[in-house]
Amino acid sequence: MADQSFDLIVLGGGPGGYVAAIRAAQLGMKTALVEREHLGGICLNWGCIPTKALLRTSEINHLLHHLPEFGFAPVTPQFDLDKVVKRSRGIAKQLSQGVAHLLRKNKVSVIDGAGALAGKGTLAVTKDGKPVATLKAPHIILATGARARSLPEIEADGRLIWSYKEAMVPTMMPKSLLVIGSGAIGIEFASFYLNMGAAVTVVEVMDRVLPVEDAEISGLAHKAFEKQGMKILTKASVTSVKKNADSVTVSVEAGGATQQITVDRVISAVGIVGNTEGLGLEGTGVKVDRTHVVIDEYCRTGEPGVYAIGDLAGPPWLAHKASHEGVMCVEKIAGVKGVHPMDPLNIPGCTYCRPQVASVGLTEVRAKEGGREIRVGRFPFIGNGKAIAMGEPEGLVKTIFDAKTGELLGAHMIGAEVTEMIQGYVIARTLETTEAELMNTVFPHPTISESMHESVLDAYKRVIHF
């Protein structure tokens, strides 16, 4: 390429990188984005979006098996797995092409290749090991993301042991499946395959599923999954894996005893590691801690002019966190007034299993550990007319307030559509809303969101419908 000098270079075209590049272009910065594989990154191509397409299919499959409850004659639903996967991949492709359009629209120069720091203000780009360009800019943002963590001797082989990539494009529907790890990724895949008819076992080393969530919500999720037929082993670890001709025998240790579980396939979902290799960090001031780049509150690394955002820079590993960091980082570079550091407690977390789980802020345990005197409100979906009408009466909204100031410390939900509802509490926290404003807010009827209002009222002994 002829033009190799820029105001800003972004390395990585995921939800952090491409958003940062577009915001920089909007602010008048001459911007380049370097991406070695797919625009949109893991989230758009192999994560957030295609998994939601798969989960939507599994939700429909579940509903088709319960048609009589809604007054329909029963049917025996059948699905074409190839078409299920094709739809998911088509949606990912459509959105990746949309990102390319947005970058062109904003006049961001996109370079296809892998990038590495090559001196102050310099990024060397290669493709298949061959030099493509040497780019110059006073500011370089690293947004290379992360990849699935591999357990020793349980590495994905693409056939019997799957990573998230193989789990997203199955060539066969396993009759039985074991998922290692019950975080958001593991539970979403467990939920998908369970609702498509597979017998699913989940192995979790911690004492509960969805361990980052509020303990009460985790407990309700556990009960819901088991009611659906999922087998869950907590405080358990996989000690060995034996590959058979077309199955896997897994040794699981739990409660001092070891059991052998034979399944068609295994999904490993035990976390992620940052993509720090090959970035030319050696000899720079960039520090790496447990595979993630160390940054300050404005995403600056220890090397002047070099920044890091998204999964590369550590938890929470969420696309919306990466996008927000990208915008904040660029605006700070550009000198935009009023740029504030991101508050991790205001970042919502969503898990799209059935039932859905969503949260923001402190859990009840963390609030108490912080020495807070708290008030807790709860409202079950069984008291909500819309949830009952939808056939989704199992759920709970839990809110936690500072007893002295009325500050909303945290909100935790389980049930239908809670991933859409959580944003109401996120806005409330961002605006530093207290219980007074939330109690005086008019919620539309009939909606599941009324449960949010009732939960607030319950914290102050004013609940109406339960």
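User: How much accessible surface does the chain have, and what share of it belongs to carbon and sulfur atoms?

Analyst: This is a predicted model, and its areas are computed. The accessible surface of the chain comes to about 21700 Å². The share that belongs to carbon and sulfur atoms is 54%.

User: What radius of gyration does the chain have, and what does the globule rule give for 466 residues?

Analyst: The chain holds 13 helices and 25 strands. Its radius of gyration is close to the globule rule for 466 residues, so the chain is as compact as a globular protein of that length. The two values are 24 Å for the chain and 23 Å from the rule.

User: Which parts of the chain does the salt bridge between arginine 23 and glutamate 331 tie together?

Analyst: The side chains of arginine 23 and glutamate 331 meet at 2.9 Å, N to O. Arginine 23 is partly exposed at 22% relative accessible area, whereas glutamate 331 is buried at 17%. The partners are 308 residues apart in sequence, so the bridge ties together helix 1 (residues 17-26) and helix 8 (residues 319-334).

User: Is glutamate 188 buried or exposed?

Analyst: Glutamate 188 in helix 6 pairs with lysine 52 in helix 3, 136 residues apart. Their salt bridge spans 3.2 Å, N to O. Lysine 52 has 24% relative accessibility and is partly exposed. Glutamate 188 has 11%, under the 20% cut-off, so it counts as buried.

User: Which residues do salt bridges that share partners join into one network with Lys398?

Analyst: Lysine 398 bridges to aspartate 214, with the closest N and O atoms 2.9 Å apart. Lysine 398 lies in strand 24 (residues 396-402) and aspartate 214 in the loop between strand 11 and helix 7. Both residues are buried. Joined with Lys398 in the network are Asp214, Glu216, Glu364, Lys368 and Arg378.

Notes
Residues are numbered from 1 along each chain as its sequence is written. This is a predicted model: local features need pLDDT of at least 70, side-chain atom pairs count only at pLDDT 80 or more; totals for chains, interfaces and linings use all residues. Side-chain values use heavy atoms; hydrogens and water are left out. Helices (H or I, at least four residues) and strands (E, at least two) are DSSP runs, numbered from the N terminus. The radius of gyration is taken over C-alpha atoms; the globule rule is 2.2 Å times the number of residues to the power 0.38. Accessible areas come from the Shrake-Rupley method with a 1.4 Å probe; for residues, only the protein chains shown count as cover. A salt bridge is a side-chain nitrogen of Lys or Arg within 4 Å of a carboxyl oxygen of Asp or Glu. Buried means under 20% relative accessible area, exposed over 50%, partly exposed in between (1.4 Å probe, protein chains only).
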